[in-house]
Amino acid sequence: MIRFALPAALVAMPALALVLALLKRGATRRDVLRYTALALVALALAAPRLSVRDARNNVVFVVDRSASVTRTTSDHDVRSAIDAVVADHPEWTYGVVSFARTSDVDAPLGGTPALSTIRPDPTGSDVVDGVRLALSLLPPGGANQLVILSDGRFSSDPIAAVTAAQLASVPISAIPLGGPRADDARLSGFEGPQEVSVGRPAAFVASVTSATPGHATLALYRSGRLVEARNVQLSGSLDSFAFSDATAEAGFYEYRVVVKREGDLVPENDARSLVVRTIDHPSVLLVDVRGDSALPELLRSVGVDFVRAPSIPPLAALSDYHQVVYAGQALQDLTRRQVDDLTQFVRNLGGGLLVVQGDREVRGFEAGPIESLLPVSFSVPEKGRSPSMAIVYLLDRSSSMKEMAGDRVKIKVLREATVASLLLLPSDTLVGIVGFYDRYDWIFPLQRLGDGTGAYRAVAALDAYGGTDVYFPLNDALDQLIAADARVKHVLLVSDGQTTEAGRDYPQLLEKLDAHADITLSAIAVSRNPNVPFLQKLVDHGRGALYYAADFTTLPQVTIQVTQRLTRSRFINADTAVAVSTGALAGLGEVPSVQGYVLTYPRSAASTLLWAGSDPLLSTWRTGLGTVTVLNIDLAGAWSHAWLAWSGMPRLFAGILETTSPLVTAAAGIAPHVDVNPFTTTVLLDARSPAGGFDDFLKLGGTLVPTEQSVDAPQVAPGLYQLRFPTPAEGAYALLVQERGGTRSLSVPFSVPYSPEYDQFGVDRAALAELARAAGGSLLDGPTGGLAPVRSARAQRETPLFPVLLGLALALFLVDLGIRRRTASRELRAGGSRRAAD
């Protein structure tokens, strides 16, 4: 089949035919040659191509020459895999492309499929670039395919490679290369603070990953000087090792940790670095209003310099610190301005907040804006949590309540006192109300209080009659509370205690109270002659208290006071064992018990590091750029005297304080975020005004230390500035950011790890199989994986006819020229002869 690349040139053919027709009568053979040559030229200009079906297959091998492959596979193994495919299909044409960080053509299509001795940079595996280069070698429309030889660990997105191959209708098959390194021990992580005060120990954690157990040497260097070296035992998986170091002078220090293992032939992944800035001014603000806690001594014991303040200062002053420790002030006394400033300090400036809360800080606190900043809630979550408190009122409604108390009937005073108590309860409280005489009724069955309407109506209908029998209603109330799903359970008995005791099994009732320590029983003794021994015995076994309202008219006030004490259900006053979660405090060992704590509920995004029974004792979370940690125990001795007497308390407090160490160092309202990738490093600066809004139109720039490279920081969004520069070599760096013409500046330490090519060894068979499947190829499990030929209707070979037609036209032109010359010579000789004859 012939097709024309430029069919427009064929319009000259009709014109030539017309000329020939006009000149047909007088045309000679020479004219025919001339017009035929012109027709051939017109055809040649149309670029005709002769297409014939091409049975040849074209294969380009795309060979991964990155470090994760070359450190585990020899060139001989690669050549063997290629040769096996070639041996199966010697009639095909082949080419070879090598790829790593860049790509090169080792053998063009049709040449000998050999590997070049010049390898590309092995610190990357850009499969996209390799596939695109290989596709450029293949003829359009041919029976083409690619074969990738790799471990499947790519530094670029293989989906882009698949897409490029799909657009070219070229399938990709894959041959696995590579394997594990049993002798390799690599530094898989190195963590430490960005900033620390002079003299304060900086805590570091080095993570080492090994394939097999064995011994190794681990060393920590500070700015090239050895700090500590130790022999360590590797488990054959992930191991973590802690270091600490303190400096005597302010400045920037490069810390580098190195692991060495005998037989390890991959030194590129044996070290990691980071930069730590030491400062000589306090970075911690202690807000301790009462001043009677152990916080100052604890801060000094861990080497932390701090500034003490009587209250939370404005945001402009808070921005001078990295951490705030808050204690001694009731949460309900926080003003809106103070809460807003703390929120801006944490979320926008990246500060850390440690809230140490005991009964003084939480007493009387119902809810407030500060609660949204904390990793714990004082309210019971709507789902997945039981109510925090259940309370059953046992109200004596015997005929004695018809008597007068001053100018009022006692039963009305009892109703008023009960309603006043109910008004103090949270809506999620389980409430039950029992009115008893010689019998009893659940006038309000045990249920959530809600808005209280149902309970108020039940109390309003309460009337007085009959005798007094406490046993049965109390026994039923205990059974109901035992079955109730609540953290703290109370019985509040309002009676004079003059009850029937004959035939009642009170010893069994007292045993039930003793057996259920989560239920407390308190009583309000009314009248001037109550049965105190009876009531006292009940409250003793119920671990409650006995209150008196000798003047019945004072019952509402007494009930309010009792309810306020009972609603301290958020306080657990009991000796409780402490459990340490896995995480930042896992190495502390056994922590002494506490004698009480604040009952809270951890939020779903929070991490709880210490537990008191099943309740959170120390919870932390990241919110915005910063971190907030809550310790649900005072450090003034009331609940924590065992802790304060414990020799390990400085270590525990250092760990607690470390949870609020800033992950980013915000200075003057500018918080950085660093993204290091193999090619480009991007630093985003989030600038905020003192009011917390976006700070726009700043003239910011940076200098990279130690390379002294200058970097501009154009604004890319409201309050957001961006610095981009080529990623430097592996090591530790600091970016010094300065406001041109202003006073604000900050340092941004960051580290560049070794190439990901040295991070993992071994074949990712799933990634290769998915790539081959998506690209229409197959995973070839061995050197003789059976590469199938490509059968495509598009597989055709085209031969351009332009040279042939142009050659024929030229030949005809030369023939015509020869004929003309011959004719001209004859005519010239004939003319000469005639002149001579004349």
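Of the 838 residues in the protein chain of this predicted model, buried residues make up 50%. The chain contains 20 helices and 45 strands. Its exposed surface comes to about 37,800 Å², of which carbon and sulfur atoms supply 54%. Among contacts between residues at least 6 apart in sequence, 72% join residues at least 24 apart.

**Salt bridges**

The whole structure holds 21 salt bridges.

| Lys-260 and Asp-270 | 3.8 Å | Lys-260, 46% | Asp-270, 3% |

Lys-260 forms a salt bridge with Asp-270. Lys-260 belongs to strand β14 (residues 251–260) and Asp-270 to the loop between β14 and β15 (271–279), so the pair ties together parts that are 10 residues apart in sequence. Lys-260 is partly exposed, whereas Asp-270 is buried.

Asp-341 and Arg-337 are both part of helix α9 (residues 336–347), where they are 4 residues apart, about one turn of the helix. In an α-helix there are 3.6 residues a turn, so residues three or four places apart point the same way.

Elsewhere, salt bridges that share partners join Arg-65, Asp-75, Asp-106 and Arg-119 into one network.

Helix α14 (residues 506–515) has Tyr-506, Leu-509, Leu-510, Lys-512 and Leu-513 as buried residues. Viewed down the helix axis, these fall within an arc of 155 degrees, so they line one face of α14. Their cover includes α13 (471–483), β27 (519–526) and α15 (532–541). The face turned away from the buried side carries the exposed residues Pro-507, Glu-511 and Ala-515.

On the surface, Val-41, Leu-45, Phe-802 and Leu-806 form a nonpolar patch with about 310 Å² of accessible area together. Helices α2 (29–45) and α20 (802–837) each supply at least two of the patch residues. Leu-45 is located in α2.

**Individual residues**

Ser-125 sits in the loop between β5 (103–107) and α5 (127–137) and is buried at 0% relative accessibility. A polar atom of its side chain lies 2.9 Å from the backbone oxygen of Arg-153. Beyond its neighbours within four places in sequence, the contacts of Ser-125 include Asp-64, Phe-99, Arg-153 and Glu-757.

Lys-410 is found in helix α11 (residues 410–422). With a relative accessible area of 13%, Lys-410 is buried. Outside the four places on either side in sequence, Lys-410 contacts residues including Ser-400, Glu-403 and Phe-552.

Pro-213 occupies the loop between β10 (202–210) and β11 (214–222) and is exposed, at 56% relative accessible area. Its C-alpha atom is separated by 9.4 Å from that of Ala-182, 31 residues apart along the chain. Leaving aside neighbours within four places in sequence, Pro-213 is in contact with Gln-233, Leu-234, Ser-235, Gly-236 and Arg-261.

How values were computed:
Residues are numbered from 1 along each chain as its sequence is written. This is a predicted model: local features need pLDDT of at least 70, side-chain atom pairs count only at pLDDT 80 or more; totals for chains, interfaces and linings use all residues. Side-chain values use heavy atoms; hydrogens and water are left out. Buried means under 20% relative accessible area, exposed over 50%, partly exposed in between (1.4 Å probe, protein chains only). Contact means heavy atoms within 4.5 Å. A polar contact is a pair of N or O atoms within 3.5 Å; within protein, one must be able to donate a hydrogen and the other to accept it, and residues adjacent in sequence count only if both atoms are side-chain atoms. The arc is that of the directions from the helix axis to the C-beta atoms. Patches are made of residues with over 30% relative accessible area and no salt bridge: like charges are joined within 9 Å, nonpolar side chains (Val, Leu, Ile, Met, Phe, Trp, Tyr) within 5 Å. Accessible areas come from the Shrake-Rupley method with a 1.4 Å probe; for residues, only the protein chains shown count as cover. A salt bridge is a side-chain nitrogen of Lys or Arg within 4 Å of a carboxyl oxygen of Asp or Glu.
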